[in-house]
Amino acid sequence: MTNYLDFEKPLAEIEGKAEELRALARQNEEMDVADEAAALDRKAAELLEELYKDLTPWRKCQVARHPDRPHCKDYIDALFTQYTPLAGDRNFADDHAVMGGLARFNDKPVIVIGHEKGNDTKSRIERNFGMARPEGYRKAIRLMEMADKFNLPVVTLVDTPGAYPGKGAEERGQSEAIARSTEKCLQIGVPLVSVVIGEGGSGGAVAFATANRVAMLEHSVYSVISPEGCASILWKDSEKMREAAEALRLTAQDLQKLGVNDRVIPEPKGGAHRDRPAVIEAVGKAIGEMLNELGEQSRKKLVKARREKFLEMGSKGLAA
């Protein structure tokens with residue numbers, strides 16, 4: 001069953017009527033509804049095109065959070081073979097909000113790490129809605145150290161509202177763990193590529209995305225704070241999230257102009273959830289191209305280029 005966003009309600013009505021007609025036809029074989037259903041399909045396609053022609057930043061946030069959007073596990077299952085997960089930080093526990101392990105990509109060994117939100121109530125609770133605790137970032141550090149030791153490229157898939165702000169996480173050193181993970185991204189002498197597949201929220205995303213190459217899906221977002229959080233701080237009113245989303249410049253298109261991400265991966269019309277195989281294939285192609293760009297560079301050059309990339313951020317403006 002399709003989940004529709006608030007701004008997609010007119011589309012939901014049209015597609016719902018088309019499905020009702022087809023359901024009636026399945027119950028009564030003598031009914032001929034093909035022409036009427038086809039006309040509704042055309043109308044729905046035109047409306048979908050209109051709705052997604054020029055999405056506002058807030059609507060892009062909604063699409064990036066869509067519950068049916070492909071998540072980290074979907075990409076790992078489809079793009080990576082011989083995936084062997086590694087669990088735990090060898091200190092406290094295993095954080096199920098962070099997936100990671102050894103795998104093969106295009107038949108070459110890599111380390112893959114990502115945030116996993118879950119796809120139903122049970123798995124979302126287990127995965128803590130993709131909000132990692134300190135042990136999740138320490139697990140990622142452990143994986144990156146392994147990649148550096150065995151000279152394996154690292155692929156990270158970012159999709160988190162932000163690091164978990166709970167009392168226990170703070171007691172166990174959440175800020176320190178995020179900082180150490182970010183530091184480790186800057187230190188490893190192997191290719192590191194990152195794709196923001198949904199939400200890139202605050203330091204929780206930066207800890208995985210301090211990479212040589214950063215790609216974002218067309219309707220993904222990447223920001224220092226959520227629009228609701230920003231609105232609550234600046235205007236004391238979380239309902240001003242639309243204005244906050246506009247001011248934050250969190251879309252893939254704006255961030256490419258600012259030099260934060262290196263490429264934008266197109267999504268199917270209507271968002272990644274409307275054609276999951278196509279968007280997963282596009283992400284796989286982008287990962288392959290980014291790894292190929294970095295494949296022949298020395299360890300010293302990879303570290304230097306990554307450091308310079310982030311030191312230069314802020315030198316570009318949207319008017320550039």
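These legends describe close-up views of a predicted model.

**View 1. Strand β5 and the strands that pair with it.** Strand β4 (residues 154-160) runs parallel to β5 and is joined to it by 6 bridges. In this pairing Thr160 stands opposite Gly200 of β5. Strand β6 (residues 213-217) also pairs with β5 in the parallel sense, over 4 bridges. Here Val195 is set opposite Ala215 of β6. A parallel pairing with strand β7 (residues 221-223) is made through 3 bridges. Gly201 stands opposite Ser223 of β7. In a regular strand the side chains alternate between the two faces of the sheet.

**View 2. The unit formed by β5, α9 and β6.** Helix α9 (residues 202-209) forms a right-handed β-α-β unit together with β5 and β6. Val206 is a residue of helix α9. Its relative accessible area is 30%, so Val206 is partly exposed. Leaving aside neighbours within four places in sequence, Val206 is in contact with Thr182 and Tyr222. Val206 and Val158 are 48 residues apart in sequence, and their C-alpha atoms are 8.8 Å apart in space.

**View 3. Helix α1 and its two sides.** Helix α1 has 19 residues (residues 9-27), which at 1.5 Å a residue should span 27 Å; the end C-alpha atoms are 27 Å apart, in agreement with that value. Leu11, Ile14, Ala18 and Ala25 of α1 are buried. These residues cover an arc of only 80° around the axis, so they lie on the same side of α1. An α-helix has 3.6 residues a turn, so residues three or four places apart point the same way. Helix α2 (34-52) is included in what covers the buried residues of α1. The face turned away from the buried side of α1 carries the exposed residues Lys9, Glu13, Glu20, Arg26 and Gln27.

**View 4. His273 in the loop between β8 and α13.** The loop that holds His273 lies between β8 (263-265) and α13 (276-294). His273 has a relative accessibility of 13% and therefore counts as buried. Its side chain reaches the backbone oxygen of Gly270 at 3.3 Å. Not counting residues up to four places away in sequence, His273 touches Tyr52, His66, Asp68, Arg69 and Pro70.

**View 5. Ser123 in helix α5.** Helix α5 (residues 121-126) contains Ser123. With a relative accessible area of 13%, Ser123 is buried. The side chain of Ser123 reaches the backbone nitrogen of Asn119 at 2.8 Å. Lys117 and Gly118 are touched by Ser123 when residues up to four places away in sequence are not counted. Ser123 and Ala97 are 26 residues apart in sequence and 9.9 Å apart in space, C-alpha to C-alpha.

**View 6. Gln62 in helix α3.** Gln62 is placed in helix α3 (residues 57-64). A relative accessibility of 14% means that Gln62 counts as buried, the cut-off being under 20%. Apart from neighbours within four places in sequence, Gln62 is in contact with Leu5, Asp6 and Phe7.

View 7. Most residues other than glycine have a negative phi. Gln82, in strand β1 (residues 80-85), has a phi near 55°, a positive value in a residue other than glycine. Gln82 is exposed, and its relative accessible area is 60%. Asn106 is placed in the loop between β2 (98-105) and β3 (108-115). Phi of Asn106 is near 50°, which is also positive, and this residue too is not a glycine. Asn106 is exposed, with a relative accessible area of 55%.

Definitions and conventions. Residues numbered from 1 in each chain as written. Predicted model: local features only at pLDDT ≥ 70, side-chain atom pairs only at ≥ 80, totals over all residues. Heavy atoms only, no water. Pairing = 2+ DSSP bridges. Right-handed = clockwise from strand over helix to strand, strands pointing away. Expected span 1.5 Å × (residues − 1). Buried < 20%, exposed > 50% of the residue type's maximum accessible area, 1.4 Å probe, protein only. Arc of directions from axis to C-beta. Contact = heavy atoms within 4.5 Å. Polar contact = N/O pair within 3.5 Å; in protein donor to acceptor, adjacent residues only side chain to side chain.
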